[in-house]
Amino acid sequence: MTKTCLTFRDLTLGYNSHPAIHHLDGTIRRGSLTAVVGANGSGKSTLMKGIVGVLKPMAGTVVREPGVRAAYLPQQSELDRSFPARVVDLVSLGLWPRRGLLGRHTKEDHDSVSQALMAVGLGGFEKRPIDTLSGGQLQRTLFARVLLQDADLILLDEPFNAVDTKTVGDLIAMIKRWHGEERTIMVVVHDLDLVRQNFPETLLLARQPIAWGETKETLRPENLLRARRFHEAWEENAPWCEPDNHEHGDHAHDPGHDHQHDHNHGSGPRAA
Amino acid sequence: MMDTLYGLLIAPFADFAFMQRALVGSLMLSLGACPVGVFLMLRRMSLSGDAMAHAILPGAAAGFLFYGLEILPMTIGGLIAGIIVALGAGAVSRFTIQREDASMAAFYLISLAIGVLMVSIRGSSVDLMHVLFGTVLALNNEALTLIGGIVVVTLVSLAIFWRALVAECLDPLFLRSVSRLGSPVHFIFLGLVVLNLVGGFQALGTLLSVGLMMLPAAAARFWTMRVEPMCALAVLIGFASCVAGLLLSYHVSLPSGPAIILSAGVVYFASILFGTRGILRARIIHHRHRTA
């Protein structure tokens, strides 16, 4: 059994030929819990979209290990809140990986929907129309759906937005439980204290990976400073990124490569 | 008394074969078109239905020009034109930055212009009225078979793709993250819209067929918070409108298509006022509230 869950090979993702993620190399270990941090526009959400497959790479690849099922909680949901659905209908969408288009929803499925709602503190909300939920309640409903998806790879894009402190605590507890269940989790977070306290590993992005590895190392002041200096705007006249150019810009990738070594070390004992 | 009621409500259908066929045809049409209308409305594509109805015109007109007022050529022509416009507009909105409302408007306007051009090249305005306003009282067996087929296809497709359709409406990004059905289901749905509009134009005409699709759906929205009952209710409202419209058209000698649509319109206004989520109810409830 491989220990890798995701492999990025020279991955470039972006919009209108401008990269938002530029030449990302590296791997995500199975069972790891990684925080993805960086300034606005540093490519965090783009990376999530690339992993889940709703955005096709401009170059390079994301390789998901065979059989790894992903659950994705986007930052900007395309959820139509005016759609006449109840909480239970929305959460039941999470049964899709299990039941697909035509499979019957069994009694156990309905029970697991109720349990998922219970787990996010929304027990008894089954029949509530979704347009009557508060922002935080909706976010927890979506968490319940992720829970129900029972995925091996869980991608959460800024899940703590508009959520009160107590609920953040609940959601963190749930993420930690998933972590304990050997699921691979990547979470886009802004609150660095939250990251330091709860996430063993961190990927610091500024279009390119600035640092990647153990949270304490990654979030060192000099790294954060470098991440801050990153230039957010696209330059219309930026030169095309040629293979040479890429080599040239390679210094910026150094931390990423270090990280690669780290991981090799990490997997050493297992290989032996 | 009973005799009067019988004379008013039953006799027209019992005594005249053309009324029976009109009833069967329009009821079948409601069965397929009303649930499709519910999804059109929920996807905020209510006006796209209208646009699609216009888009069908050149195809129907081409069939009409070459073969006269024959159902099969006009239907096939309408189907082809409708599918070209639906696929074209759908593809532009799916694969470019343009939204569906704009691409649909562009495609249907072009299509409509071609249609009007074709009708004006040959044929009088009476012919145009036939194409635009339909002939529900002259449905032949061929047309009934066609409508029946369309209803079966519609209901079977809806049953198969129900879950995907709901997911695509409710949370399209989620559907994309767990399945590749998003785009196919959207196009299948547009296909059903075209199919039902084409089925409707024999009975109600291209301009009014969308009315039987949208008005019952819009009315049903005021009564329930869930999709399944909404579809069922829309079908019932469609049935009632057909019966009422046909009777009205029989007794008062009104054109049947507009009579059916106006009946649905009456239900719509009644629903706005008296629906459980309508105006009056909302006012009354606002005076009282619970403690939690």
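1. The cut-offs here are 20 or more other C-beta atoms within 10 Å for buried, 12 or fewer for exposed, and partly exposed in between, with C-beta atoms placed from the backbone. A:R64 belongs to strand β4 (residues 59–64) of chain A; helices (H or I, at least four residues) and strands (E, at least two) are DSSP runs, numbered from the N terminus. Between A:R64 and A:H23 there are 41 residues in sequence and 17 Å in space, C-alpha to C-alpha.

2. A word on the source: this is a predicted model, in which local features need pLDDT of at least 70 and side-chain atom pairs count only at pLDDT 80 or more, while totals for chains, interfaces and linings use all residues. Residues are numbered from 1 along each chain as its sequence is written, chains are lettered from A, and ligands are numbered from 1 in the order in which they are written.

3. Chain A has 11 helices and nine strands. Of its 272 residues, 41% are buried. Taking contacts in chain A between residues at least 6 apart in sequence, 71% join residues at least 24 apart; a contact means C-beta atoms, placed from the backbone, within 7 Å.

4. The largest nonpolar core holds 162 residues, and A:L155 and B:M52 touch the most other members. Such a core is a set of buried Ala, Val, Leu, Ile, Met, Phe, Trp, Tyr and Cys residues joined through C-beta atoms within 7 Å. Helix α2 (residues 17–42) of chain B is the biggest contributor to this core, with 13 residues. Leaving aside residues up to four places away in sequence, A:L155 touches A:M48, A:I51, A:V52, A:A70, A:Y72, A:L73 and A:M186.

5. Next, a helix pair in chain B. α2(B) and α12(B) pack at about 150 degrees with their axes 8 Å apart; axes are lines fitted to C-alpha atoms, for helices over the stretch in contact, and angles run from 0 to 180 degrees between N-to-C directions. The two helices are therefore roughly antiparallel, given that angles under 35 degrees count as roughly parallel, over 145 as roughly antiparallel, 65 to 115 as roughly perpendicular and the rest as oblique. Residues making this contact include B:L23 and B:L27 of α2(B) and B:F239 and B:L246 of α12(B). By class, the contact has 16 nonpolar, four polar and no charged residues; Ala, Val, Leu, Ile, Met, Phe, Trp, Tyr, Cys and Pro count as nonpolar, Asp, Glu, Lys and Arg as charged, and the others, Gly among them, as polar.

6. Helix α3 (residues 46–55) and helix α10 (residues 182–204) of chain B have axes that come within 10 Å and cross at roughly 60 degrees, so α3(B) and α10(B) are oblique to each other. Here B:G49, B:M52 and B:A53 meet B:V193, B:V194 and B:L197, a set with five nonpolar, one polar and no charged residues.

7. Do look at helix α4 (residues 57–67) of chain B, where eight of the 11 residues are buried. Among them are B:L57, B:P58 and B:F64.

8. Finally, the contact between the chains takes 19 residues from chain B and 18 residues from chain A. On the chain B side, α9(B) gives the most, with six residues. That side has 13 nonpolar, two polar and four charged residues.

Conventions: Two residues are in contact if their C-beta atoms, placed from the backbone, lie within 7 Å.
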